[in-house]
Amino acid sequence: MKTILIVDDEPRMLDLISLYLTPVGYKCIKMNQPKEALKYLSQNKVDLVLLDIMMPEMDGWETCVEIKKIVEVPIIMITARTDKADVVKGLSIGADDYISKPFDEEELLARINAVLRRNNNTSNKIVFKGLELNPESYELRHNKNLISLTPKELSILSLFLTNRNKVFTRDHLITTIWGHGVNTDDRTIDSHVRNIRDKLRTSSFPVDDHLSTVWGVGYKWSD
């Protein structure tokens with residue numbers, strides 16, 4: 001089941017969109033405060049964001065920019081404005097599509113399905129605060145700059161990024177990355193984690209704010 005985060009300051013619009021989407025198999029998360037939505041996205045995975053532009057606390061354009069700093073997720077802007085300049089602005093800051101109010105159920109579903117289809121090819125990328133890890137091409141970038149990690153280092157970092165705030169024991173890391181029955185000791189894990197830290201520091205990523213040692217246990221990547 002695909003999860004869609006709906007961000008709109010109008011409760012009626014939140015309920016209406018949910019009414020359209022829930023019967024066709026989408027799980028809807030409804031939020032009327034952009035800051036709450038940003039916090040939710042930093043801790044939970046969603047497949048698409050429906051984002052209203054005209055909101056009093058933080059408008060949709062600013063929210064879109066902040067979302068892209070946290071996670072790479074497709075965004076459809078919802079707007080009552082049909083000005084071409086507004087549409088171009090939304091697309092230029094990272095939105096994938098837009099839909100103008102008022103809209104009907106069929107148009108909304110068509111746009112959601114089209115955006116999800118287009119994003120299937122990049123859905124495996126892992127994005128975190130400027131880091132972008134592509135497990136298919138074995139590439140890691142920070143702010144678009146390539147960071148050279150070994151395949152094992154990439155696998156460890158991928159495990160951390162996809163299981164944030166979870167403590168991994170060294171034994172768990174050995175079994176997950178190297179497999180059962182492999183003659184690898186704790187010093188190998190420590191060496192790989194040290195290399196990850198050094199390479200991320202060199203790229204100016206604040207790795208020490210996120211990757212911590214849990215003494216006597218293992219390692220944890222925190223938000």
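Which helix lies across E10, E11 and E12?

1. Basis. This is a predicted model, in which local features need pLDDT of at least 70 and side-chain atom pairs count only at pLDDT 80 or more, while totals for chains, interfaces and linings use all residues. Residues are numbered from 1 along each chain as its sequence is written, and side-chain values use heavy atoms, with hydrogens and water left out.

2. Helix H6 (residues 151-162) is the one lying across E10, E11 and E12, at about 60° to E12. Helices (H or I, at least four residues) and strands (E, at least two) are DSSP runs numbered from the N terminus; angles run from 0 to 180 degrees between N-to-C directions, with axes fitted to C-alpha atoms, for helices over the stretch in contact. The 3 strands form an open sheet in the order E10-E12-E11, with antiparallel pairing (two strands pair if DSSP finds at least two bridges between them). Strands E10 (167-169) and E11 (211-214) are the edges, each pairing on one side only.

3. E11 and E12. Strand E12 (residues 218-221) pairs with E11 over 4 bridges in the antiparallel sense. Trp221 in E12 stands opposite Leu211. Helix H8 (residues 186-202) also packs on this sheet, touching E11 and E12, and its direction makes about 30° with that of E12.

4. H6 against H7. Helix H7 (residues 170-178) packs with H6 at an angle of about 120°, the axes being 10 Å apart. That makes H6 oblique to H7 (under 35 degrees counts as roughly parallel, over 145 as roughly antiparallel, 65 to 115 as roughly perpendicular and the rest as oblique). The contact (heavy atoms within 4.5 Å) includes Ile156 and Phe160 of H6 and Leu173 and Trp178 of H7.

5. The parallel sheet. Here 5 strands form an open sheet in the order E2-E1-E3-E4-E5, with parallel pairing. E2 and strand E5 (97-100) are its edge strands. The twist averages 20° from one strand to the next. E4 and E5 are joined by 4 bridges, and Ser100 in E5 is the bridge partner of Thr79.

6. Helix H1 (residues 11-21). Met13, Leu14, Ile17, Ser18, Tyr20 and Leu21 are buried (under 20% relative accessible area; exposed is over 50%, partly exposed in between, with a 1.4 Å probe and protein chains only). Seen down the axis of H1, the buried residues fall within an arc of 155°, so they line one face; the arc is that of the directions from the helix axis to the C-beta atoms. On the other side of H1, Pro11, Arg12 and Leu19 are exposed. The buried residues of H1 pack against elements including strand E1 (3-7) and helix H5 (105-119).
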